[in-house]
Amino acid sequence: MILQIKSFLKIYGKVFSLLTTMLLGALLPQFHAFSFLIQYLLMAMLFFAFLDIKFKPQTFQKNVLWVLLANVVVAFICYAVLASFDVMLALTAFMTAIAPTAIAAPVIISFIQGEIEYVVAAVLITNLSSAVIIPLTLPFLLGANIQISFWEVLEPVLIVMFVPLILAQLVSHQPSRTQDFIRKGKSFSFAVWLINLFIISANASNFLRNDNSNSASILITIALISLVICVINFGIGALLGGRRHWQEASQSLGQKNLSFVIWIALTFINPLVAMGPTFYILYHHLYNSWSIYQFEKRRNA
């Protein structure tokens, strides 16, 4: 009986943890006050994920460029399809789809023992590209002169990505005993991710409760649009990755860095547009829960 319980917890424990954490965050929106911790928690998780990275010539491969192309094409197609019906819904879809690969994507891939280097390449390429594409594109889509500083978008990405990467590479040059001691911290990565997810969920819940005055039908429409985009992204990513990298490419295209597109929507457009990326947060974390479940089920079969 005890062995069965242990086996059950190994397979389902992480999934229940993720879902429970999201629910608690939604029920406790006051914890959005800790949103400033998100980037530091991500940096800690990335540091441990990067400890196993060894850059090889094949790290930046052509396959990752297809992920970048798909990221841009899906965004513009979504805008074109919806623009004739409702420009605001079109902008919501565009901002949701154009979001680059999440900085946390390598962490999820590390949980399911995928190729971290592939996703790191996607994070770097898509984030840097989006930092250029979004400021150049928005003024045309909105029909107004909107000033978005490249540096305002690039600075947090560069800090969160490169500081842990550089520190992890420095650790690789330390004595074996020091490396082994530091690597013990990897066991806390999932707990740190749960804390981060809790704060993200609380932040989204707070926005829904306090910053939105739109009708339920509009919110449902945006939620459905966001869901469709999420399914398309994870599906196309899996196809682009082929047999070897289907998980990595699916994560690279499907898991989005939504924090800065939400910031752009709130700062330069309006709170309604920010609801698309906000709903997407829920969907891609639900997919991540399923991915971890499938991995644990195979590993413990």
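Reply: Cysteine 230 has a relative accessibility of 4% and is therefore buried, the cut-off being under 20%. Cysteine 78 is also on the buried side of that cut-off, because its relative accessible area is 14%. The structure holds zero disulfides. All of this is read from a predicted model. Its mean pLDDT is 79, and 83% of the residues reach 70 or more.

Cys78 belongs to the buried residues of helix α3, which also include Asn63, Val64, Val67, Leu68, Ala70, Asn71, Val72, Val74, Ala75, Tyr79 and Leu82. Helix α3 covers residues 62–83, 22 residues in total, and its first and last C-alpha atoms are 32 Å apart, close to the 32 Å expected at 1.5 Å a residue.

Helix α2, residues 38–50, likewise has a span close to expectation: its 13 residues reach 18 Å from first C-alpha to last, against 18 Å expected at 1.5 Å a residue. Of these 13 residues, 10 are buried, so α2 is largely enclosed by the rest of the structure. The buried residues of α2 are Ile38, Leu41, Leu42, Met43, Met45, Leu46, Phe47, Phe48, Ala49 and Phe50.

Two of these, Leu42 and Met45, are touched by tryptophan 193. Leaving aside residues up to four places away in sequence, Trp193 also touches Leu18, Ala104, Ile108, Phe111, Gln255 and His285. Within the largest nonpolar core, which has 91 residues, Trp193 and Met95 touch the most other members. Helix α6, residues 116–142, supplies the largest share of this core, with 12 residues. In soluble globular proteins, nonpolar side chains tend to be buried together.

Helix α4, residues 87–98, has the highest confidence in the protein, at a mean of 92, whereas helix α1, residues 2–27, has the lowest, at 69. Where pLDDT is low, the predicted coordinates should not be read in detail.

Ser259 lies in helix α11, residues 258–268, and counts as exposed because its relative accessible area of 52% is over the 50% cut-off. Its C-alpha is 8.9 Å from that of alanine 99, although Ser259 and Ala99 are 160 residues apart in sequence.

Terms used:
Residues numbered from 1 in each chain as written. Predicted model: local features only at pLDDT ≥ 70, side-chain atom pairs only at ≥ 80, totals over all residues. Heavy atoms only, no water. pLDDT = per-residue confidence, 0-100. Helix = DSSP H or I, 4+ residues; strand = E, 2+ residues; numbered from the N terminus. Buried < 20%, exposed > 50% of the residue type's maximum accessible area, 1.4 Å probe, protein only. Expected span 1.5 Å × (residues − 1). Core = buried A, V, L, I, M, F, W, Y, C linked by side-chain atoms within 4.5 Å. Contact = heavy atoms within 4.5 Å. Disulfide = S-S within 2.5 Å.
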